[in-house]
Amino acid sequence: QVQLVESGGGLVQPGGSLRLSCAASGSIVNIYDMAWYRQVPGKQRERVAEITSGGNTNYADSVKGRFTISRDNAKTTVYLQMNSLKPEDTAVYYCSFRTTSGGYVTRYWGQGTQVTVSS
């Protein structure tokens, strides 16, 4: 019922910028946090950025100062603004929401969007 739809990925030159978007459809309530992950084949999935229901943000050291996570007022869309992109940022990026109800947590994932940084 709940679906996360990502957009904004693509090919960009080093030093360039991209903005990823992830919109939730269906019934989703009591969001605990929203986050962006990325993964390269053969490597462990990495959490890039997260934003809590209270608006607190956290970033991986590798992207700190270059990436910014944000959300809309309805808390149904999360964004990742990526600046000063480097080749090592190349990966499939996934958005993820976590919801909580009665002490139980449910995680939702987007389909993933490819980001390639190359000259």
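The legends below describe close-up views of a predicted model.

**View 1. The open four-stranded sheet.**
The strands of this open sheet follow the order β1-β3-β8-β7, with antiparallel pairing. Its edge strands, β1 (3-7) and β7 (67-71), each pair on one side only. On average, neighbouring strands are turned by 15 degrees against each other, direction ignored.

**View 2**
β3 covers residues 18-25 and pairs with β1 over five bridges in the antiparallel sense. Along this pairing, glutamate 6 has cysteine 22 of β3 as its bridge partner, and serine 7 has serine 21 of β3. β3 also pairs with β8, again in the antiparallel sense, over six bridges.

**View 2. The disulfide between cysteine 22 and cysteine 95.**
How many disulfides does a search of the whole structure find? The search finds one. Its sulfur atoms belong to cysteine 22 and cysteine 95 and are 1.9 Å apart. The torsion about the S-S bond of this pair is about 45 degrees, so the disulfide is right-handed. Because cysteine 22 lies in strand β3 and cysteine 95 in strand β9, the pair ties together parts that are 73 residues apart in sequence. Cysteine 22 and cysteine 95 are both buried. A disulfide is a covalent bond between the sulfur atoms of two cysteines.

**View 3. The largest nonpolar core and leucine 80.**
The largest nonpolar core has 28 residues. Those with the most contacts inside the core are Trp36, Phe67, Val78, Leu80, Met82, Tyr93 and Phe97. Two or more residues come from each of β3, β4, β5 (46-52), β7, β8, β9 and β11 (113-117). Leaving aside neighbours within four places in sequence, leucine 80 is in contact with Leu18, Arg19, Leu20, Trp36, Ala49, Phe67, Thr68, Ile69 and Tyr93.

Aspartate 33 belongs to strand β4, residues 31-39. Is aspartate 33 buried or exposed? Its relative accessibility is 6%, so aspartate 33 counts as buried, the cut-off being under 20%. The side chains of aspartate 33 and arginine 98 are joined by a polar contact of 2.9 Å. With neighbours within four places in sequence left aside, the residues in contact with aspartate 33 are Glu50, Ile51, Thr52, Ser96, Phe97 and Arg98.

**View 4. Serine 84 in the loop between β8 and β9.**
The loop that holds serine 84 runs between β8 (77-82) and β9 (91-101). The phi of serine 84 is near 50 degrees, which is a positive value in a residue other than glycine. Most residues other than glycine have a negative phi. Serine 84 has a relative accessible area of 41% and is therefore partly exposed, since that class falls between the limits of 20% and 50%.

Terms used
Residues numbered from 1 in each chain as written. Predicted model: local features only at pLDDT ≥ 70, side-chain atom pairs only at ≥ 80, totals over all residues. Heavy atoms only, no water. Buried < 20%, exposed > 50% of the residue type's maximum accessible area, 1.4 Å probe, protein only. Polar contact = N/O pair within 3.5 Å; in protein donor to acceptor, adjacent residues only side chain to side chain. Contact = heavy atoms within 4.5 Å. Pairing = 2+ DSSP bridges. Axes fitted to C-alpha atoms, helices over the stretch in contact; angles between N-to-C directions. Disulfide = S-S within 2.5 Å. Core = buried A, V, L, I, M, F, W, Y, C linked by side-chain atoms within 4.5 Å.
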